[in-house]
Every structure is written in structure tokens, then in C-alpha cells.
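Here is a short briefing on one structure. Look over the sequence and the coordinates before reading on.

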Amino acid sequence: MPPILEIKNLNKTYKSGFKALDDINLEIQEGEIFAILGPNGAGKTTLISSICGITNPSSGTISVKGFDHTENYREVRKMIGLVPQELTTDMFEKVVDTVNFSRGLFGLQSNKLYIERILEDLSLSDKKKYSN
Ligand SMILES: Nc1ncnc2c1ncn2[C@@H]1O[C@H](COP(=O)(O)OP(=O)(O)OP(=O)(O)O)[C@@H](O)[C@H]1O
Ligand SMILES: [Mg+2]
């Protein structure tokens, strides 16, 4: 089974000339819980944005479950969920509607039962009708 996330020789130099990522290599297995820690400006957001396809790395490769994140970007994006710290889609929208909306962003059909199960697994069922 390929790693859920594999990063090889990843570099990012911003247009300003600042090198935010310097030869990052990383392998995470499915089911592993992984935290990225570092001081302000260390490059955490740049790395996460690169993995999610929000920022284009300057060089190197990113694979998700064996799929290259550039060549197979559709498959890769279907497998990644990003929960930003501060931004929400609509702060008055219910939790269950927000989760449902994000499926649509990746071309997935609405699936009420699946969402109910995920919220149950995450102990969030009792909050599903709350606003963000
Ligand atoms: N668009 C940009 N153009 C130029 N430099 C940038 C840009 N975005 C980030 N940087 C620089 O790249 C470095 C890494 O920034 P990044 O936001 O990835 O760090 P971080 O680890 O997420 O920091 P924080 O803990 O403050 O969230 C910083 O020095 C930052 O100033
Ligand atoms: Mg950050």
C-alpha cells in the first residue's frame, strides 16, 4: 500500500525570492496522526497549501496514496480535506450543510447517510444543526 502522503525534495521559492521550503521529504502512512510544528514563518502554511493545491511548489513531488498531485489532481483533491483555522464558508450555515457543501466542491454527489456516519464517528452528531 503506497503511503497516504509522500513528499520528495519539495522546494518553494516565492516571487520575492524568499525560499520558504527547502528540500522537504516526508512520508505518512494511512491512519498515522501527524502534526507539523514550527515557529512563525517556518513554512507550515506553505507546506499545507502546497499539499492542498493552493500554492504551486517550485520543485519536488507530492503523492497522495500513490497519485501524483499534479498529474492526478482530481483523485488527490477528492482524498484531501482542509479545515482552515479561521475561515468558514458561511458562519451562519449549519455544520451538516457545510460538510455537504464541501463534497460538492470536489464533484461528489450529496450523500446524507455517509455524512451522518462521519459526524457520528467524530462525535459531532449532536452539533450538526449548530451554525459554524
Ligand atoms: N506570498 C508570499 N510571498 C513571499 N513570501 C511569503 C509569502 N507567503 C509566505 N511567505 C514567507 O514564507 C515564510 C513561510 O511562511 P508560512 O506562512 O508558510 O509560515 P508558517 O510556518 O505558516 O508561519 P505561522 O506560524 O506564522 O503561520 C515566511 O517567511 C513568510 O513571510
Ligand atoms: Mg501558518
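The points below cover the domains, the strand pairing and the ligand site.

This is a predicted model. Its chain splits into two parts, domain 1 (5-79) and domain 2 (84-132). Strand 1 pairs with strand 2 and is also joined to strand 3. Ligand 1 has a shell to which helix 1 gives the largest share.

**Domains**
- Domain 1 covers 5-79, and domain 2 covers 84-132.
- The centres of the two domains, taken over C-alpha atoms, are 25 Å apart.

**Strand pairing**
- Strand 1 spans residues 5-13 and strand 2 spans residues 19-28.
- Six bridges link these two strands, and the pairing is antiparallel.
- Thr 13 sits opposite Lys 19 of strand 2.
- Five residues lie between the strands of this hairpin.
- Gly 17, in that hairpin, has a positive phi near 100°.
- Strand 3 (residues 59-64) runs antiparallel to strand 1, with four bridges between them.
- Ile 7 has Ile 62 of strand 3 as its bridge partner.

**Ligand site**
- Tyr 14, Ser 16, Phe 18 and Ala 20 are among the residues around ligand 1.
- The surroundings of ligand 1 also include Gly 38, Asn 40, Gly 41, Ala 42 and Gly 43.
- Lys 44, Thr 45 and Thr 46 belong to the surroundings of ligand 1 too.
- Helix 1 (residues 44-52) supplies three residues of the shell, the largest share.
- By class, the shell holds seven polar, four nonpolar and one charged residues.

Technical notes:
Residues are numbered from 1 along each chain as its sequence is written. Chains are lettered from A and ligands numbered from 1 in the order in which they are written. This is a predicted model: local features need pLDDT of at least 70, side-chain atom pairs count only at pLDDT 80 or more; totals for chains, interfaces and linings use all residues. Domain bounds come from an automatic or database domain assignment. Two strands pair if DSSP finds at least two bridges between them. A residue is near a molecule or strand if its C-beta atom, placed from the backbone, lies within 6 Å of it. Ala, Val, Leu, Ile, Met, Phe, Trp, Tyr, Cys and Pro count as nonpolar, Asp, Glu, Lys and Arg as charged, and the others, Gly among them, as polar.
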